[in-house]
Amino acid sequence: MSARLRLTDPPTAIRPTSLDDAEEQLALRRANRDHTGPWDPARDESFYTAAGQRLELELDQRAWAAGSAFAFAVLATDEDDRIIGRVALANVVRGPWQNATLGYWIDRQAAGRGHASRAVGLALAYAFDHVGLHRVQPAIIPRNAASQRVAAKVGFRREGLALRYLKINGVWEDHDIYALTAEDWRAMQTRP
């Protein structure tokens, strides 16, 4: 991972998460616990501690090194690069599939200003233009209207419903599966 990697679409930027983000990320996770909780797996209380956030960032570093996931801090460039969320390409599979899943969240105070759509677009640029993936797939709980709007705005297509797909807050939740391929991405880049 390049420590200097940074992709920007003002007023949003993304860069790889860093161990130096621990304090800021902890404050952000605590402040957004109720905001992100309905869409997250059940979290142990230790996740919301300094040690828990350091562990998450250490795991991010290991995944980058292995090429199995690419987690980015989402920054508000008009707020002195304040961290306002996270976007991650995870579960990277190479070989004939060349696929990753996609997850994202934005601070409730920064929501509604297009940061999520821009951050996802930047993560897609990384996936398709930098690491050569062929397909990226977010899975969205059908009642998560905000994430569905992001997926539509960015250009994902809904491919179907996966029943009892992920265990969220202790419940096996159905998820809409969305996807975008490298061919879709290239076609989107050539449109005026």
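Let's start with contacts. Among contacts in the protein chain between residues at least 6 apart in sequence, what percentage join residues at least 24 apart? The figure is 62%. Keep in mind that this is a predicted model.

Now the layout. The protein chain has 6 helices and 8 strands. Reading from the N terminus, the order is β-β-α-α-α-β-β-β-α-β-α-β-β-α. The radius of gyration is 16 Å, close to the 16 Å that the globule rule gives for 192 residues, so the protein chain is as compact as a globular protein of that length. Along the principal axes, the C-alpha trace spans about 40 × 40 × 35 Å.

Next, surface and charge. The accessible surface of the protein chain is about 9,800 Å². Carbon and sulfur atoms account for 52% of that. There are 25 positive side chains and 24 negative ones. The centres of those two sets lie 4 Å apart.

Going inside: buried residues are 49% of the 192 in the protein chain. As background, nonpolar side chains in soluble globular proteins tend to be buried together.

Here, the largest nonpolar core holds 40 residues. Which of them touch the most other members? V87 and F156 do. Several elements give two or more residues to this core, including β3 (70-76), β4 (82-93), β5 (99-106) and β8 (171-181). Helices α5 (145-154) and α6 (182-190) are also among them. The element that gives the most is α4, with 10 residues.

Let's zoom in on F156. Leaving aside residues up to four places away in sequence, F156 touches L102, V120, L124, V136, P138, A151, Y178, A179 and L180.

Where does P138 lie? In strand β6. Is P138 buried or exposed? Its relative accessibility is 1%, and buried means under 20%, so P138 counts as buried.

What does P138 touch, not counting residues up to four places away in sequence? L102, F156, D176, I177, Y178 and A179. Take D176 from that list. P138 and D176 sit 38 residues apart in sequence. In space, C-alpha to C-alpha, they are 8.4 Å apart.

That's the tour. Over to you for discussion.

Terms used. Residues numbered from 1 in each chain as written. Predicted model: local features only at pLDDT ≥ 70, side-chain atom pairs only at ≥ 80, totals over all residues. Heavy atoms only, no water. Helix = DSSP H or I, 4+ residues; strand = E, 2+ residues; numbered from the N terminus. Rg over C-alpha atoms; globule rule 2.2 N^0.38 Å. Buried < 20%, exposed > 50% of the residue type's maximum accessible area, 1.4 Å probe, protein only. Contact = heavy atoms within 4.5 Å. Areas by Shrake-Rupley, 256 points an atom, 1.4 Å probe, with all protein chains shown as cover. Lys, Arg positive; Asp, Glu negative; His and termini not counted. Charge placed at Lys NZ, Arg CZ, Asp CG, Glu CD. Core = buried A, V, L, I, M, F, W, Y, C linked by side-chain atoms within 4.5 Å.
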